[in-house]
Amino acid sequence: MTISNVSRRNFLKTAGLATGGLVISVALPMNALAEKGIIKDSGGELNAFIHLAENGDTIIYCGRCEMGQGISTALPSAVADEMEADWQRVTVKQGDADEKYGPQATGGSASIRVMYQPMREAGATAKAMLIAAAAKVWKTSPENCFAQAHFVINKTNQQKLAYGELASIAANMPIPEKPVLKKKSDFNYIGKELPRHDQAAVVVGKRIYGVDTKLPGLKYAAMIHCPVLGGALKSLEKTEALKMKGVIDVIEIPRFNIPFGSIGGVAVVADNSWTAQQAVKKLKITWDLGENAIYDTKEYKQQLVKNVEKPATLAAERGDIEKAFGAAKHKMSATYTGGHLSHAPMEPNASVVWVQKDSCEVWASTQSPADIQKVLGQYLTREPKDIVVHVAMAGGAFGRKFKCDYVHEAAVISEKTGVPIQLTWTREEDMRTGYYHSINAQHIEASMDDQGNVTGWLHRAAFPSISTLFDPSLVRTPANSLEDITNHLFGIENCRIESGDAKAHTRIGWYRAVYAIFYGFAFSTFADELAYKANKDPLSFVNQIFDNNNNKEQQANVKRAKDILAIAAEKSGWENRKSLPKGQAIGLAVHYSFQSFVAMAVHVEVNGDDIKVLNVDCAIDCGQVLNLDGATAQMEGAVVMGMSLALSTEITFREGAVVNSNFHDYPVMRITDMPNVRVHIPDSDESPTGLGEPGVAPFAPALSNAVFAASGKRYRDLPFKPMSV
């Protein structure tokens, strides 16, 4: 890693600051991160800026995108902790699109995993330079000084110098080659409950989201797309729309065959967004629906089930499954399914784009500003670096704002009109023509010996893959999307994994927790079913499967999975579950994803078909936690999302089009449904791992197992009780 004191003049120029001081940048060799599998991109440098002004005010830049997950508090707090900065003197700023921040794509629960160490070292470097500056002033050794709360203190006489007084002197001090990091016991902010830096602004509505951007001369646009993927505009009658007061133009947007590009449609441009949205309803459009008009999710799910209940393409194999099944004392099989899901963030897709002859400037809530630069660079035939992207706070994303077609469309409209354009998709438009979590089916067959040990495991999965975004010709799940099955921590000597046919008929996109949702559902629910078949306690049975894992490389992870499951069980009162009132029960599940271990114990009350979730004990081992308050919130949010996908949310297609339109027919959990959630995070000395997504996967199987224990009814299809159309 390289740490440098960047040109102060250049920094002040680019940052728009009026004062001097100490400026620190951090650069990591990206190839090393790529070799470790932390990132895929091997180009560019990773950069984080710290600016300490001469009045003591401190700015820390966050290169990752804030979408409510708290990353813009967590990462800067790691800098502030090592720097011994007073958090009250710290201002956090969002970094706009710039390769100096490295890969800004914010997803995969990777931000803290990648950035934790370099951000700490940046802070430690600044502290060392400030101490050296103070030692120079006092004509003493740096060893005679220490830093505390924005001051450097002389150990011998207790004299103090404020950070602001030292900023300019520190800027000229040598950069330490190996900054010394603090001991865990000395942390001020890391691992503590630190309020979000923007909490007050969020509460009073002062936080600027993507939809809040305003510019002089701004015009507003609304979109309507062909309801079927691959369809095209056949005829357009726009007379009535153009008659509306305030309507400026109606623009046809063609389909662009580039990843994350527009699927084509019609835009209305008006003086305000309400007029534009109302004018869209006046358009008389005929669509050529194309070949995907045959898509019906009810029929398609049935087809996926057929595909996984017959031999499919081999993806991986170990041991001799035929021999294991031939010698089995017990054999069992089950098929698990799930429907499409919509990200449905509270803030619909929104962006402002101004394309001019020599420039293109974007303001957008996005998870991936570099992809915006790439798409617009390709569309406008300009260098991606010449596309200026200002990253706005996203009002929720969950993977949707990785794919910025709404920015691409705004650029097309701005180029054609010559004015800055704010394009806001309605929620209905996003729900009907967005990206979706994959519909899926999984079939598992297992064999057990007379001791109840699982001796063989056949796992066959079929779902349209996210890879179809880049290669629409794919007709089955590629092997790399099945690795969570191949590398599962269950110890099963004989295992066969197969991939069934599954052509994509709509856009499949990353969704919070991604494939872990249906893998976790199948693994933990089937393990529970096997436990009952073997007449064993489900907790002991799962531990037994883990104990049968003889892979030395997985032993540490197996122990962590068992430990976290034990915590969830113990906190839920698992041992005393048989004393619960009739109709109540507890279900357990544990899943490993994004390098973290999450176990959930769900306590339910079942009355007929009515399922009420009473308590959830959620235990997570994600290594060292940066912000305990933020980590707890992430798990609570994961429970809400897990409850929604388990009990109510499903996107339905008929004749190629989405039937759902808004929260009334895609009902996410309401606050009145919220159970009592207790989050348990054991102390850990391990490096930080994923946090944003791992909590989603274990909820549905834990709920399924609880409902079965309470009622004898087994749910194998998500959602259990679809309230959608």
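**Close-up views of a predicted model**

**View 1. The largest nonpolar core.** Among the 142 residues of the largest nonpolar core, Val-362, Trp-457, Phe-699 and Leu-703 touch the most other members; such a core is a set of buried Ala, Val, Leu, Ile, Met, Phe, Trp, Tyr and Cys residues joined through side-chain atoms within 4.5 Å. Buried means under 20% relative accessible area, with a 1.4 Å probe and protein chains only. Helix 15 (residues 516–533) gives the most to this core, namely 10 residues, where helices are DSSP runs of H or I with at least four residues and strands are E runs of at least two, numbered from the N terminus. A second, separate core holds 48 residues, including Val-92 and Tyr-116. This is a predicted model, in which local features need pLDDT of at least 70 and side-chain atom pairs count only at pLDDT 80 or more, while totals for chains, interfaces and linings use all residues. Residues are numbered from 1 along each chain as its sequence is written, and side-chain values use heavy atoms, with hydrogens and water left out.

**View 2. The buried side of helix 8.** Thr-275, Ala-276, Ala-279 and Val-280 are buried in helix 8 (residues 273–280). Because they cover an arc of only 140 degrees around the axis, they lie on the same side of helix 8; the arc is that of the directions from the helix axis to the C-beta atoms.

**View 3. The surroundings of Asn-660.** Asn-660 is found in the loop between strand 29 (657–658) and strand 30 (676–680), and Asn-660 is buried, with a relative accessible area of 0%. The side chain of Asn-660 reaches the backbone oxygen of Asp-665 at 3.0 Å.

Technical notes
Buried means under 20% relative accessible area, exposed over 50%, partly exposed in between (1.4 Å probe, protein chains only). A polar contact is a pair of N or O atoms within 3.5 Å; within protein, one must be able to donate a hydrogen and the other to accept it, and residues adjacent in sequence count only if both atoms are side-chain atoms.
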